[in-house]
Structures are given as structure tokens and as C-alpha cells.
Amino acid sequence: YLGQFTANPWHNPTTLIVKPVVLMCFFIFCYLYNNRDNIPGKKQNKLCVCLAFGLMLSAWLKPSFYQAFVPALFIFCVIDVLSTKFASFKFCVKIGFGVLPVCLLALLQYIISFKANRNGIIWSPWTVWNFYSTNKGMSLLVSLAFPMIVMLFNGFKVIKNADILLSLCFLMSSVLQFICLGFTVGGLTGDFLWAVYLSVLMLFIPSENTMLQMKQYKIKFSACSIILLLHFLCGLGYFIGSYME
């Protein structure tokens, strides 16, 4: 399973625990972004504090999330600032202040976790993924078949949806870290893969919402529904097979 990107790895307790926090952080930001012109300043500030608290809590539960989500937020904000010709700069700076505490905590965690144990993050392109998968292209296709077909049917306009764009940035950030990085000690443990699992989950949720908005297009809706059902059946089959072993 470490060569694939599943949205629901059920055997990892810390991933299960951090999922509600991931959902909270993701949708707090999306709510702030989608309603930034209508939310009073004080409420915006309170929601930014909630976002900061959620990121700090996630760092304590499972650092994998913020390690990929914070770079994704940065990429998203850069895209937004450029696309709005700096009209959203003030909003993005406010989000930056909300992210700052977890960035400082990340530095502290790095010093404690790695320097004290003589371990560290190293540049090691493809090493871990090559170890777990003999066909990376097919692994990616099988893992993301549903969101890919949803985006294919909706075309370029789908990335105008903030939920989809942020989840794509999250996925890109986590997959690039999984591809490029490793550890000095225990380099093949696949620790960077846990963020990919969380990013795939966050891509599936807005993709499902987009699919539900396609009900008037019966053929497209049916095709997306079949692919989503196949994801479920394959996951169920894997779970049953692992249990029987």
C-alpha cells in the first residue's frame, strides 16, 4: 500500500486522529477565502486564530500535515495575489500571521527530533517511491482516478473553485516532498507519504461536491459515480484481503 496514494489508511492511529483537524484547517481557510469580502474584520481575526490553533494542534498530533499544507497555502496565496493584481495581498498577509506560529514550532520540532538523534532530511529523489512501486505512473492513475475524471469533465474552470485549487496545491506539495525527500536514518520508512494520504482525502471531498453539481449531465455523473464506486470496492477488497492474511 505504500506505493499507492489512498485517502483512507485505516491502520495508522495518528492519521485517524489528525483527520478532523485537517478538515477544520482546510475548510476554515476556504470559508475565509470565499467570504473574505463579507466577513467583518473581528470575525476574520478570530477565524485566523482558529486556523493557527488548528495548525499547532496538528503539529502535536502528526507533523506530516502542516509540513505539506503550509507550503500549499503559500503557493495558493501567491497565485491569488498575482491573479487579483495584489488586491488580496492584505488578506494573504493576515493568513501568513496565522501560519507563523506553526512555522516556529516546526523549527523547534526539527531541532529536537532530528538534531538530537543525529538524523535529518536529505535530498533523495525517487528513492522511496521506487522502493515501494514498480510502476509509478499507474500507481498515481489508480490512486487519483476519481478526481482526475471529475476535473477532466469540468475542464479548466474547476480550478476557479478555491477548494479544488487548494487541494491541488496540497497534493502537489505532499507528492513533491514524497518524491524528493528522505531521512538520513530510516530513509525508506515512507514518512513523507502520510501527508500525501491526507492531501488525497482533501482532493476527494471537493471532487465529490463537484460531482454532485453535475447531476444534470447524466453520462458524466454516472461515469464519475462508477469510478468512485470502484475506489470503494478496491479499498474494501484490500481491507478484506489484509484481514484474511
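Which strand gives the most to the lining of the largest cavity? The legends below, for close-up views of a predicted model, begin with that element.

**View 1. The largest cavity and its lining.** Strand β2, residues 181–183, gives the most to the lining of the largest cavity, with three residues. The structure holds one cavity of 30 Å³ or more, and the volume of the largest cavity is about 30 Å³. Its lining is formed by Val128, Phe178, Leu181, Gly182, Phe183, Gly186, Gly187, Thr189, Gly190, Asp191 and Phe192. By residue class, this lining comprises five nonpolar, five polar and one charged.

**View 2. The aromatic pair of Phe5 and Phe178.** The structure holds 19 aromatic pairs, among them that of Phe5 and Phe178. A pair of aromatic rings is described by the distance of the centres and the angle of the planes. Here the ring centres lie 5.9 Å apart and the planes stand at 85 degrees; planes over 60 degrees apart count as edge-to-face, so the pair of Phe5 and Phe178 is edge-to-face. Phe5 belongs to the segment before α1 (13–34), whereas Phe178 belongs to helix α8 (residues 162–180), so the pair ties together parts that are 173 residues apart in sequence.

**View 3. The packing of helix α2 against helix α3.** Two packed helices are described by the angle between their axes and the distance between the axes. Helix α2 (residues 41–61) packs with helix α3 (residues 64–83) at an angle of about 140 degrees, and their axes are 7 Å apart. Helix α2 is therefore oblique to α3. Leu55, Ser58 and Ala59 of α2 make the contact with Phe65, Tyr66 and Phe69 of α3. The residues of this contact divide into five nonpolar, one polar and no charged.

**View 4. The packing of helix α1 against helix α3.** The axes of α1 and α3 cross at roughly 10 degrees and come within 12 Å. Angles under 35 degrees count as roughly parallel, and α1 and α3 are therefore roughly parallel to each other. On the α1 side, the contact is made by Val22, Cys25, Phe26, Phe29 and Tyr33. On the α3 side, the contact is made by Phe65, Phe69, Leu73, Phe76, Cys77 and Asp80. The residues of the contact of α1 with α3 divide into ten nonpolar, no polar and one charged.

Key. Residues are numbered from 1 along each chain as its sequence is written. This is a predicted model: local features need pLDDT of at least 70, side-chain atom pairs count only at pLDDT 80 or more; totals for chains, interfaces and linings use all residues. Side-chain values use heavy atoms; hydrogens and water are left out. On a 1 Å grid over the protein atoms alone, a cavity is a set of points where a 1.4 Å probe fits but cannot get out, and a pocket is an open set with protein on both sides within 12 Å along at least five of seven lines; lining residues have an atom within 4 Å of a point. Grid points are joined across faces, edges and corners, and a volume is the space filled by probe spheres set on the points. Helices (H or I, at least four residues) and strands (E, at least two) are DSSP runs, numbered from the N terminus. Ala, Val, Leu, Ile, Met, Phe, Trp, Tyr, Cys and Pro count as nonpolar, Asp, Glu, Lys and Arg as charged, and the others, Gly among them, as polar. Axes are lines fitted to C-alpha atoms, for helices over the stretch in contact, and angles run from 0 to 180 degrees between N-to-C directions. Angles under 35 degrees count as roughly parallel, over 145 as roughly antiparallel, 65 to 115 as roughly perpendicular and the rest as oblique. Contact means heavy atoms within 4.5 Å. Rings of Phe, Tyr and Trp (its six-membered ring) pair if their centres lie within 6.5 Å; planes under 30 degrees apart count as stacked, over 60 as edge-to-face and the rest as tilted.
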